Each structure stands twice: as structure tokens, then as C-alpha cells.
Amino acid sequence: MTNSPIKHAPHLPPSTAATTDHQLRSPKSSRGLRKLQSAHQLSSNYAALNQPSLISQQRQQQQQRNISSSHTAQAPQIPPIPTFSSHHRTRSNSDAIVPNTASNATTSRKAAIPRKSTASQSPREELEGLVRQGPQGDLHADLARLRYLVLCEGLLADSDGMSQLRIYVWLILLNAPAIPTDTYLDLIRRGASPAYSKIRNDTFRTLATNPLFKRRVSEASLIRLLNAIAWKLHDAKIEKLGDSTRVNAANEMGSPELQHASPVVKHAQGPSTTTATDGSEAGGTEPGIYVQGMNVLCAPFLYAARSEAEAFVAFHLFVTRECPGYVRGAMDGVHKGLALVDKCLAIIDPKLSAYLQSKHMKAELYAFASVLTMCACTPPLPEVLQLWDFLFAYGAHLNILCICAQLVIMRETLLTSSSPTKLLRAFPPLQAKLIIEIAASNLRKIPADVYEELVHHAE
């Protein structure tokens, strides 16, 4: 049995010349001599770690002679990599030999330290390890594993829905880059955006009846974030139009929350140009900078994030990558989503769909807010966050199926009601786990062409 080269590395005894020199030298030079001896031992150990011991080499040569004499075919072994045939247990991930390594065995041992074996970890520990340490091998495989763990295990949170990992999981799943905090602060220092007045009209009523949100997120924080997003979308709109001038529709006094900001620069054409066209009612396919409902869509980001800068990055990527059609002036993505709610419900539950249609209850009458805000308008907030974990993991387009799942949960009540309109004025409290289970099971019923519409409706 081959011995490990680490344990049996040969240590050369100190040379006679070194010993004699040590006797002749004064005590002052003993420290330098110890350094030379240490270096000598380290060099001998390093040479031993880079090649098998003499005994191992002799045994390998003997084995090769035996193999050649018996004419048996066997895969060649790489000489620099030591064999671990003395292990008599099932191989774990830490025992895997790294290819293309000419380094010593100590380096290969250190490479196995960052990630524990999957068999020795609980799923929650594995999820936390993926978030904290990042991918250790195949990026796509680790990302798929992260999504699966979010779906099956969920993120550990307290009764208020607060989780230490949630905002980081969201940022990972959004593929968010790291940006300096000054990027967000610079947008704040620019003062009130063209949509500032519209933002102020909405922020005070954002989740107004939710004590958890009110206790953690202030209105001033919500105003700052939405105003920064408005500036960001405004700049993108100007850049797209090829105009280098910046339009500012704020009042001369500015806002109390932004009183330390730079002075507001009026547009050259006067106040008449800073109307609703630059704000929430931008029509057609032109990109808007703020639409009514963005305040509610923004709320979970501020609630889950540890800072406004984190919430800013996540929210901006979400509205520009996942659902840009929701924040355009005409909100064409929202209207496409409402049509898909009716279409998917007819596929999932034809009887319930026909009954609602007989009562002239189309999705545009009861599901507008749920589509626009990704169900964030329906309490309780901790259930919203848990539902969003699923949407971030597998796609925001699945929110349409989550809305259909809520209707399926209400099925018996709706079918026995003579006036389903009253019941659908406000959806019942969210049950995230049940909604996710129903939505995932109903996904199999959706034809490929309809699912393709789901994926692209918010673009």
C-alpha cells in the first residue's frame, strides 16, 4: 500500500559542515544559522511534496514491470498526482483530484476547504453557502441549485418576513453588478425629478394599512428611491432620443426631503413642457419615468434591503429587465398580462373562467393591481416576500399563474356567489406556499405558445 508523500517526506539531517560551523561561530550568529536550517528543511520538504518518495518510486517501477509481464491493459496514472488508495470509505467531493495540477498535495487539500460535502450539509446550510461563498464549480449548475433550494426550502425569516439573505439572493438572481453608493447619492443630489409631484401624490398611501412596512420604511426613503429611479429612467429616455439636455420639472423650492440638493434647473421651454408627458402619463410606446403603482412595486425592495442603495440597484434592474413594459407610459405590458390572466384561467379552470365571463368579470376589472405590483398589493407582506422569492428564482412572468392560483383557491366561493364582483374587489390574504404549489402544478397545463407569451408579455 502506497504511503502518503506528505507524512513520509524525507528529512535530511543537518550537514557536518553546518554543525561544525555552529560550534565555531559566536552566539550572535545562532539566529541566522537557525534560519538557514529552517530554509534547508523547507526546501527538502517542498522537493518531497513535488515528487513521490524513493520507496514509492521503486514500488511504482515494480508494478509497471509486473503489468508489462502479465500484458494486462490498465489506464495510465499521472505521476505527479499522489494516489490515495489507503482510503477505505466512500469518496466525497473533498477527495476529488483536481486535473492539471503540478503543485503539492497541500494545495489540493486547501482547494477542498471552502465548500463542505453536500452529504454533511443541511439544505439551508447549502443555500447559505451558495450565497456567501459563490459558485465553486459549474456556475449554471450552482445557480439552478440555488433556485431549487429557494423553491423547496425557502429563505429563513422571522415572523416579520425579515431575512438576512433575501436581498442578496434577489441581487444574485437579478445578476446585479456591484455599483458605488455614490451612484445613488449623485441621483439624490440632483434634486426633484420631472415626476416628483406625481411621486409625492402616491407615496403617502403606499401600504398605508401595513404596520410592518410603516415601522421599517419611511415615506422619505420611498420618495428618495422613486425619485432616483425617475432620474435614471429619464436619463435613459434622453439618451435614447439623442438629446443631451436634461429636463427638470421641479418647483423652485424643491422638496423637503431633498433640501440639501443642488438647485433645480428649469427647462428652456418653460413649465408648459414639463407636463404629464415627462411623468406617469407618457403615452404610446415611449418609455415613462414613473407610473402609478411603482410605489407599491418598490415597497418590498425597501423592506427587504439593508440600505436604500441595495434597494435602488434591485428595483432598477427589475423594472428595466424583468418588466419594462409595466412602467412604460401606456403600460402595455400590464394590459397584455391581464389578457393572459383570462387566457390562462380558461385553460386551467374552464368552468370558473366561463362563470366569471358570464358575469362580465374580466381580469382588467379585478386583477390590474395584482399584475402591476406582482401581488405586492395583497397582504400580508411576509407572504409577499416569500412569493417574490419564487418569482425571482423562476421568472416574474409566473406572477400571472400566481394570480390564477388565487382565483382557484377562491373557486368554490366564487361559483356559489351571485355577485363575484364584491369578492374580487380585494383578494383574500396571500398564502405563498399554497399559491406556489398550485401555480407550479398548473404550469404543465399551459401550451408552449401561451407560455411563450407569458415570458415575453412584460418586455
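## Basis of the description

The model is predicted, and local features require pLDDT of at least 70, side-chain atom pairs count only at pLDDT 80 or more, and totals for chains, interfaces and linings use all residues. Residues are numbered from 1 along each chain as its sequence is written, and side-chain values use heavy atoms, with hydrogens and water left out.

## Packing around helix H8

Helices are DSSP runs (H or I, at least four residues) numbered from the N terminus. The axes of helix H8 (residues 181–189) and helix H11 (residues 219–241) come within 9 Å and cross at roughly 90°; axes are lines fitted to C-alpha atoms over the stretch in contact, with angles from 0 to 180 degrees between N-to-C directions. H8 and H11 are therefore roughly perpendicular to each other (65 to 115 degrees). In contact (heavy atoms within 4.5 Å) are Tyr-184, Leu-187 and Ile-188 of H8 with Arg-224, Leu-225, Ala-228, Trp-231, Lys-232 and Asp-235 of H11. The residues of this contact comprise 6 nonpolar, no polar and 3 charged, where Ala, Val, Leu, Ile, Met, Phe, Trp, Tyr, Cys and Pro count as nonpolar, Asp, Glu, Lys and Arg as charged, and the others, Gly among them, as polar.

The axes of H8 and helix H13 (residues 308–322) also come within 9 Å and cross at roughly 90°. On the H8 side, Thr-181, Tyr-184 and Leu-187 meet Glu-308, Ala-309 and Phe-312 of H13. By class, the contact of H8 with H13 has 4 nonpolar, 1 polar and 1 charged residues.

Just after H5, Gly-134 adopts a positive phi of about 80°.

Ala-157 lies in the loop between H6 and H7. Not counting residues up to four places away in sequence, Ala-157 touches Met-162, Ser-163 and Arg-166. Ala-157 and Gln-386 are 229 residues apart in sequence, yet 9.3 Å apart in space, C-alpha to C-alpha.

A search of the whole structure finds 1 cavity of 30 Å³ or more, a cavity being a set of points on a 1 Å grid over the protein atoms alone where a 1.4 Å probe fits but cannot get out. The largest cavity has a volume of about 60 Å³, the volume being the space filled by probe spheres set on the points, which are joined across faces, edges and corners. Its lining (residues with an atom within 4 Å of a point) consists of Gln-406, Ile-409, Pro-428, Pro-429, Leu-430, Gln-431 and Ile-435. These lining residues divide into 5 nonpolar, 2 polar and no charged.

Definitions and conventions: Helices (H or I, at least four residues) and strands (E, at least two) are DSSP runs, numbered from the N terminus. Angles under 35 degrees count as roughly parallel, over 145 as roughly antiparallel, 65 to 115 as roughly perpendicular and the rest as oblique. On a 1 Å grid over the protein atoms alone, a cavity is a set of points where a 1.4 Å probe fits but cannot get out, and a pocket is an open set with protein on both sides within 12 Å along at least five of seven lines; lining residues have an atom within 4 Å of a point.
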